[in-house]
Amino acid sequence: MKSISDLPVSEYIDTIEDEKGALKQISFKDETRFNFAFDIVDKIAEMQPDRRAMIHISNDGTERIYTFGDMRRHSARVANYLRFLGIKKGDRVMLVLKRHYQFWFTMLALHKIGAVAVPATNLLLKNDFEYRFKKGRIDAILCTADGEVASEVDKASRGSHTLKHKILVGGRRSGWRSLNRDIRYFSDIFERPEGDSYACGDDPMLMYFTSGTTEYPKLAVHSYRYALGHFITARYWHEVDPDGIHFAISDTGWGKAAWGKLYGQWLCGTCVFTYDFDKFDAKEILHMIEKYRITTFCAPPTVYRVLVHMKLEKYDLSSLKHVTTAGEALNPEIYKRFKEKTGLGLAEGFGQTETTLTIGNLIGTEHRPGSMGKPSPMYDVSLMLPDGTEAESYEEGEVVIYVGDTSLGSEHPPNGLFLGYFDDPERTAEVWHDGYYHTGDTAYIDDDGYYWYVGRTDDLIKSSGYRIGPFEIENEIMKLPYVLECAVTAIPDPIRGQAIKASIVLANGIEASDKLRADIMKSLKKNIASYKWPKVLDFTPELPKTVSGKVMRKDIRARDNNTAE
């Protein structure tokens with residue numbers, strides 16, 4: 001890896017590496033006053049204004065190249081504009097911007113004024129927005145003009161008591177402000193605020209909705225120190241080159257975008273590559289890697305499952321030096337086939353919306369196909385048995401992170417770990433107690449300290465990189481008058497990794513039919529986002545239950561897994 005000693009990150013992070021370049025120890029300096037927008041992006045802009053920050057390719061093929069100097073100026077305009085509208089420190093601003101370049105301008109702008117960014121996917125519908133507006137007490141939204149997203153926001157906003165501003169990006173619409181038009185009238189200089197108006201350190205910076213399993217999504221709160229936590233993500237897992245180009249597939253509405261398209265990469269001075277596509281096209285992705293000489297690449301396992309079936313020898317992928325994957329467990333066979341075709345081993349990693357990279361195949365360590373790798377030196381990770389003791393080698397346990405006596409509102413947790421769930425101390429306490437953060441994921445450790453993923457302690461579904469909770473889907477199905485009971489579970493899928501299945505018990509006197517299936521899917525398509533649509537609707541006379549009447553989803557999954565085998 002090339003040196004980053006001439007970049008401002010060296011003012012905030014000290015590292016100790018071994019002879020192989022593996023990270024042994026990391027420490028942070030001046031983190032209580034840290035603000036990523038001012039202390040990293042604007043400082044790089046001062047030192048190296050012409051350094052490339054992003055190559056952006058629009059859906060229509062338009063190419064834009066932004067330097068760090070450009071990012072400083074554009075984010076200043078947006079910050080001045082938002083402050084003019086009255087948006088201030090602590091306000092919560094939802095961003096539904098796909099992969100539009102304005103996302104980066106706005107994220108930096110929100111960091112500068114101290115408002116809290118709440119990214120969300122453009123796949124949400126009216127019901128999704130209604131819940132999120134209320135739960136997050138959203139003050140403003142910046143929304144793509146593409147598709148029907150703004151229309152869904154309009155429907156949902158009628159019942160919101162907090163939403164004050166609706167700002168459209170990329171077009172015009174009645175009742176909405178236009179970001180592209182309005183920011184032209186504002187200064188491209190924004191000075192660092194002073195006193196209580198300055199946001200930094202432990203102040204809330206970013207919030208992400210997690211995927212609910214037995215209840216609606218929670219809202220994880222991250223501080224300004226979260227950005228520093230992604231140094232390991234980019235430097236030691238993605239292995240980004242400060243003079244290279246990093247390409248991460250993720251949409252900006254998901255936490256993975258913070259992992260691969262912003263914080264860690266710019267801490268290392270690396271240019272991020274963004275292709276604002278609507279529909280994934282593997283051939284086009286490979287063409288982009290070839291054309292722009294991408295050096296590091298990250299995508300969920302579902303992408304690699306597609307790539308291994310392609311004639312990769314037709315593309316010049318010689319610029320690629322390192323590839324990574326996360327979001328769901330990677331099949332060792334996919335690792336093997338990808339390496340046979342490219343010579344590159346896929347470095348798997350594990351983390352959550354609530355964390356940064358927690359476990360990974362980091363630089364200087366041996367890849368073990370199918371293993372998540374070893375814990376990040378930034379976290380004190382272990383496996384815990386149900387009785388609270390530590391698991392031994394090859395014994396399954398829950399992945400936990402030691403946080404000591406910290407709790408929401410007291411001493412800060414490790415950099416990168418969330419502060420808690422927004423306005424929800426009870427649900428925070430469910431996962432953060434007795435000195436540990438409980439991830440809800442299970443694994444085992446081999447004799448050499450490598451972690452191997454087993455599954456969830458709850459019923460989260462991981463499909464095509466999305467993390468999907470069954471509760472919202474079940475809730476919509478149960479609204480139908482002819483449905484008595486239902487349970488949503490994951491089924492094996494050769495492309496997605498997992499797909500969604502809904503097991504449905506019909507009310508007495510109702511008979512299953514293809515027309516009924518079509519009616520149910522029609523209802524779901526109107527009320528839930530497309531990535532939550534079930535692939536299979538299975539009508540069954542009853543659901544497996546415990547003595548107390550609780551549905552046993554694990555029994556449904558076990559039966560489906562056995563059938564698949």
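**Cavities and rings**

A: A326, G327, E328, A329, E348, G349, F350, G351, M372, Y453, K462 and R467 line the largest cavity. This is a predicted model: local features need pLDDT of at least 70, side-chain atom pairs count only at pLDDT 80 or more, and totals for chains, interfaces and linings use all residues. Residues are numbered from 1 along each chain as its sequence is written, and side-chain values use heavy atoms, with hydrogens and water left out.

Q: What counts as a cavity here?
A: On a 1 Å grid over the protein atoms alone, it is a set of points where a 1.4 Å probe fits but cannot get out, and lining residues have an atom within 4 Å of a point.

Q: How much space lies in the largest cavity?
A: About 80 Å³, where a volume is the space filled by probe spheres set on the points, joined across faces, edges and corners.

Q: Which strand gives the largest share of that lining?
A: Strand β16 (residues 346-350), with three residues. Helices (H or I, at least four residues) and strands (E, at least two) are DSSP runs, numbered from the N terminus.

Q: And the second largest cavity, what lines it?
A: L286, I289, F297, L307, L312, L317, L320, F338 and T342. Helices α10 (282-292) and α12 (332-342) are the elements that each give two or more residues to this lining. The lining of the second largest cavity has eight nonpolar residues, one polar and no charged, with Ala, Val, Leu, Ile, Met, Phe, Trp, Tyr, Cys and Pro as nonpolar, Asp, Glu, Lys and Arg as charged, and the others, Gly among them, as polar.

Q: Switching to rings. How many aromatic pairs are there?
A: The whole structure has 33. Rings of Phe, Tyr and Trp (its six-membered ring) pair if their centres lie within 6.5 Å; planes under 30 degrees apart are stacked, over 60 edge-to-face, the rest tilted.

Q: What about F84 and F186?
A: That pair is tilted, 5.3 Å centre to centre with 55° between the planes. F84 is in helix α2 (residues 68-84) and F186 in the loop between α6 (179-182) and β10 (204-209), so the pair ties together parts 102 residues apart in sequence.

Q: Is F84 buried or exposed?
A: Exposed, at 59% relative accessibility, whereas F186 is buried at 18%. Buried means under 20% relative accessible area, exposed over 50%, partly exposed in between (1.4 Å probe, protein chains only).

Definitions and conventions. 1 Å grid on protein atoms, 1.4 Å probe; cavity = no way out; pocket = protein on both sides within 12 Å on 5 of 7 lines; lining within 4 Å.
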